[in-house]
Amino acid sequence: MACENQKLHVFFLPFLAQGHMLPTVDLARLFAARGVKATIVTTPHNLPIISRTIGQPKTTSHNIIINTLTIKFPSLEAGLPEGCENADTITSPSLYPNFFRAIQLLQEPLEQLLLHHHPDCLIANMFFPWATDSAAKFGIPRIVFNGIGSFALSALEHMRLHKPYKNVSSDSEPFVIPSLPGEIKITRMEIPESFRDDNGQWAKISEAMCEAELKSFGVIVNSFYELEQVYADHYKNVLGRKTWHVGPVSLSNRDMKEKANRGKEASIDEQECLKWLDSKQPDSVLYISFGSMTNFPKPQLKEIAMGLEASGQNFIWVVRSQKEEEEKEWLPEGFEKRMEEKGLIIRGWAPQLLILDHEAVGGFVTHCGWNSTLEGISAGVPMVTWPMGADQFYNQKFVTQVLGIGVAVGVKKSGSSEGESVEKEAIENAVNKIMEGEEAIEMRNRAKKFGKMAKEAVKEGELKNPNSSMASGNQKLHIFLFPFLAQGHMLPMVDLARLF
Ligand code: UDP
């Protein structure tokens, strides 16, 4: 097993956005730790972030090697500006169709790599529906890794299949998501417009994704079975997907360096950040971050600043890079001076895992991207949910209604980062609800229980209970061996089975 050429070789193809690249590196690390040769395929502009997140083998806790390969990103062919190779560099929503066109054009260069390197398996993100056919051309299985939990995957699939939003009389009328366990209600406003347009680009992509997923070898889910048993079973048994719950994959980042180096270079010195947190009481700091893509308008940033100040809570607030000369427009006068003791603003990229895992952090205001949501769950903190779009409204329902570890800030409409504003009173109220009082204590206790379960789910080297994440007989790779009916064939086949 040890020789590099004899190792099982798996190609990983993440979608080109931080929220997909980072968990894919985590996943590749899990595979590499089990003796698989792991190779991540990406584009030149995304390579530095992936390499940084992988880290140097000597500086990581596992001494793990993950390889990388690059393919050219066809920016110009797809009508994108040079260097626009990551979803977080898209400056206008009108460029999304071009970005997805470029994603389609990656099929040919990816197939060249498959031809050249002969991997044994391709694990590709859901946004590459063509990957199932590409893998089939080379006689290898394609596995889907889409970075969403079973609850949202099931909800999205039922919405696609039944289109219940067509039968309501207004955008604000709540309706039950059909066939989804738990009587979960949603409104038309909470579903992104592109998801409701039967003839748009998204409808075509989502049909192709579903078809490719059903034809694929199976789906790796970044979640753990114990967190969402009902929905994990539903996705498998009712919606017919073969799944493996291997998460939370972010917990593969064990030491401080791995946590600090995940993603872009942090805009704060990690030691300074830890020192600040060390000076605070356990569970007394709120962490506020809206992922890698959200760019709030300045008036909304100002409301957040005022809401935080009024709440009186300690906080670390991540604001995506804002020009210094514009700060007067969103930062209340004298805010940082007044908040010197209580608050820290990180302008740009925060070492999120490092912060969330610190014992001083006791609450998380999140946009409900699935990675952030699961990272909050793993850290055992209650959350204020502030979804923007995509699958985030589903994740909000999961956190607030199913798990009971969050309070909604009250956003009503998908796409709200561009329009609907949340006022400072709503922010102050929601924040205080998860940080203070009886209800907060109950939520925190529940959240801590889920945090413990998350860590249990990824413990190495232990056989889990029969229903747990990796060990379930149903979720294991199942291989039939069929020897010729002669001792000379049957006996070595038994030996081979033992090796498996
Ligand atoms: N992240 C981070 N620092 C930041 C912003 C984001 O480390 O300042 C990480 C975060 O830990 C998560 C990912 O980037 O793993 C964002 O993924 P998510 O699904 O939460 O949101 P998206 O950015 O895709 O909307």
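At what angle do helix 17 and helix 18 pack, and how far apart are their axes?

Reply: This is a predicted model, in which local features need pLDDT of at least 70 and side-chain atom pairs count only at pLDDT 80 or more, while totals for chains, interfaces and linings use all residues. Residues are numbered from 1 along each chain as its sequence is written. Helices (H or I, at least four residues) and strands (E, at least two) are DSSP runs numbered from the N terminus.

Helix 17, residues 424-435, packs against helix 18, residues 437-457, at about 65°, and their axes lie 6 Å apart. Axes are lines fitted to C-alpha atoms, for helices over the stretch in contact, and angles run from 0 to 180 degrees between N-to-C directions. Lys433, Ile434 and Met435 of helix 17 meet Glu439, Ala440 and Met443 of helix 18; contact here puts two C-beta atoms, placed from the backbone, within 7 Å. By class this contact has four nonpolar, no polar and two charged residues. Ala, Val, Leu, Ile, Met, Phe, Trp, Tyr, Cys and Pro count as nonpolar, Asp, Glu, Lys and Arg as charged, and the others, Gly among them, as polar.

Another helix pair can be described in the same terms. Helix 6 (residues 150-162) and helix 9 (residues 229-238) pack at about 45°, with axes 8 Å apart. Therefore helix 6 is oblique to helix 9: angles under 35 degrees count as roughly parallel, over 145 as roughly antiparallel, 65 to 115 as roughly perpendicular, and the rest as oblique. On the helix 6 side, Ser150, Phe151, Leu153 and Ser154 meet Tyr231, Ala232, His234 and Tyr235 of helix 9. This contact has five nonpolar, three polar and no charged residues.

Six of them form an open sheet with parallel pairing, in the order 12-11-10-13-14-15; two strands pair if DSSP finds at least two bridges between them. Strand 12 (343-347) and strand 15 (406-408) are the edge strands, each pairing on one side only. From one strand to the next, the twist averages 15°. Helix 15 packs on this sheet, touching strand 10 (285-289), strand 13 (361-366) and strand 14 (383-385), and its direction makes about 165° with that of strand 13. Helix 15 also gives the most to the shell around the ligand, with four residues.
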